[in-house]
Amino acid sequence: MKAVVIGAGATGLAAAYLLSRAGVQVSVVEAADRAGGLLSTFDVGDGRLLEHFYHHFFTHDAEIRWLLQELGPQERIEIRDSSMGVFRNGRLHPFNGAGDLLRFRPLGLADRLRFAVSSAVLASFRGYAGREDVPCLDWFDRWAGRAATDAIWRPLLESKFGAAAPRIPLAWMAGRLRQRARSRRLGREQLGYLAGSLQVLVDRLAEVLAATGVEIIVGRPVTEILVENGRVAGVRSDCGEIRADRVVSTVPTPILAEWVRPIQPSYADQLARIRYLGALCTVLSLSEPLSDVYWTNVTDPGFDFSGLIEHTNLVPAAHYGGRHLVYLSRYLTAGDPLWKLSDDALLDRQLTQLGAMFGRPVRRLLRRHWIFRGRFAATLTEMGFHRLIPAMQSPLPNLFVAGMCHIYPDERSVNNSIRVAAELVRAMGFCDVAEAVPRGLSLSARYGAANPAA
């Protein structure tokens with residue numbers, strides 16, 4: 001059997017690896033000039049690599065641990081204590097456990113207790129991850145209280161989903177809290193990172209795939225899906241036609257929709273209904289840290305970033321030649337004016353905001369900066385989203401779909417992409433290969449997979 005995988009991101013590469021284990025002849029076609037997708041990295045100096053968009057994994061992520069062990073670089077896994085903060089009312093508040101919550105002055109004592117209990121309940125009971133019929137802000141208003149919702153949950157959701165925040169289902173939030181809660185030990189969250197960046201995983205995957213005969217074609221965007229006698233028979237790209245018995249798409253559904261529209265317009269309309277958020281990530285190289293917190297949620301208005309992730313408060317700056325590396329992250333809906341700002345204008349605004357945030361001349365600390373934009377960074381998971389997720393086995397014979405939408409109700413991650421790839425090969429009939437991938441706590445592929453138990 002011959003298969004073509006469209007897209008060389010985490011899902012595409014993992015799918016290619018699993019299919020090759022099943023004895024399938026595989027070609028991977030990627031539009032970008034290198035494999036990796038959202039795992040792509042850049043050189044911060046002296047050959048030290050960092051991801052364009054921040055990455056870590058949880059201690060309970062069984063799928064990525066399995067793949068790393070399969071490929072060999074499992075010794076590069078580093079588990080480190082993490083830290084979290086909330087910037088509220090002009091002040092950075094530590095937010096790592098019960099003690100910090102009790103000292104969180106933007107809320108009264110009763111509201112702090114309601115916040116703690118409701119968050120624990122939501123993270124602890126798996127059934128909440130199936131609550132598609134309840135907007136999470138409505139649930140928080142009732143159980144965490146209006147004060148906690150307005151101080152924490154509402155600004156967090158609005159910063160990511162914009163005007164769609166009131167329509168985000170409880171299932172999405174429950175999936176996210178469930179993962180984070182189970183990565184804590186003795187009240188402290190621990191996170192994993194791959195020494196040398198996730199480029200180590202991408203390079204090793206590419207090396208192993210090449211050794212097993214998998215062809216990875218980069219810089220050649222697919223332009224057409226080939227159909228013969230009503231069945232998908234391959235793809236056409238800049239390098240010509242690639243014939244195949246099966247075609248697997250791991251690209252964003254709006255892109256796939258344009259390819260299938262001439263073949264089956266109704267299916268194209270279904271795919272196009274899934275909307276995506278873009279990601280805007282500014283990476284700063286500073287001469288000193290801004291704080292001692294790894295992940296700060298910015299809930300005050302007036303900032304062009306909602307996440308301030310000080311990477312070198314998780315992985316020490318010594319690993320990067322003494323550089324202190326900071327991500328300023330923002331998800332954007334289509335048409336947001338911030339997306340249209342020039343890089344220079346965006347940087348100027350963000351440095352001014354950081355200076356006000358920390359009461360320090362941040363501009364003087366700046367060594368270098370980089371700005372990355374991802375057009376399809378996350379799905380917009382509004383109420384009823386689960387009904388939009390396409391079946392992995394498409395209505396077009398021989399065409400299979402495994403994308404970011406299948407990660408729902410969990411959050412986008414490499415681990416969850418591997419889970420989606422495993423369920424994809426199951427849908428293609430390679431159940432033994434799928435069963436070889438251990439199942440951790442991931443709820444990804446709950447919708448659209450061949451196996452309802454997923």
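**Entry 1: the open sheet**

I looked up the sheet in this predicted model. Five strands make up an open sheet, and their order is 11-2-1-15-21. The pairing is parallel. I noted for myself that strands of a sheet pair through backbone hydrogen bonds, either parallel or antiparallel.

Next I checked which strands lie at the edges. They are strand 11, residues 215-218, and strand 21, residues 399-401. Each of these pairs on one side only. From one strand to the next, the twist averages 20°.

**Entry 2: strand 2 beside strand 11**

I then followed one pairing in detail. Strand 2 covers residues 25-30 and pairs with strand 11 in the parallel sense. How many bridges hold this pairing? I found four bridges. For Ser-27, the bridge partner in strand 11 is Glu-215.

**Entry 3: salt bridges, the count and a pair in a helix**

I turned to the salt bridges, and the count comes to 29. I began with Asp-150 and Arg-154, whose closest N and O atoms are 2.8 Å apart. Both residues are in helix 6, which spans residues 146-161. They are four residues apart there, so about one helical turn separates them. I looked up the exposure of Asp-150 as well: its relative accessible area is 33%, and Asp-150 is partly exposed.

**Entry 4: a pair from distant parts of the chain**

Glu-382 forms a salt bridge with Arg-167, and here the closest N and O atoms are 2.5 Å apart. The two residues are 215 residues apart, and the pair links distant parts of the chain. I located Glu-382 in the loop between strand 20 (366-379) and strand 21. Arg-167 is in the loop between helix 6 and helix 7 (170-181).

Is Glu-382 buried or exposed? Its relative accessibility is 15%, so I wrote down Glu-382 as buried; the cut-off for buried is under 20%. Arg-167 is partly exposed, with a relative accessible area of 38%.

**Entry 5: Asp-348 with Arg-363**

The side chains of Asp-348 and Arg-363 also meet in a salt bridge, at 3.0 Å from N to O. I placed Asp-348 in helix 12, residues 343-358, and Arg-363 in the loop between helix 12 and strand 20. The two are 15 residues apart. Asp-348 is partly exposed at 41% relative accessible area, and Arg-363 is partly exposed at 40%.

**Entry 6: a network**

Which residues do they join into one network? I listed Glu-63, Arg-419, Glu-423, Arg-426, Glu-435 and Arg-439.

Conventions: Residues numbered from 1 in each chain as written. Predicted model: local features only at pLDDT ≥ 70, side-chain atom pairs only at ≥ 80, totals over all residues. Heavy atoms only, no water. Pairing = 2+ DSSP bridges. Axes fitted to C-alpha atoms, helices over the stretch in contact; angles between N-to-C directions. Salt bridge = Lys/Arg side-chain N within 4 Å of Asp/Glu carboxyl O. Buried < 20%, exposed > 50% of the residue type's maximum accessible area, 1.4 Å probe, protein only.
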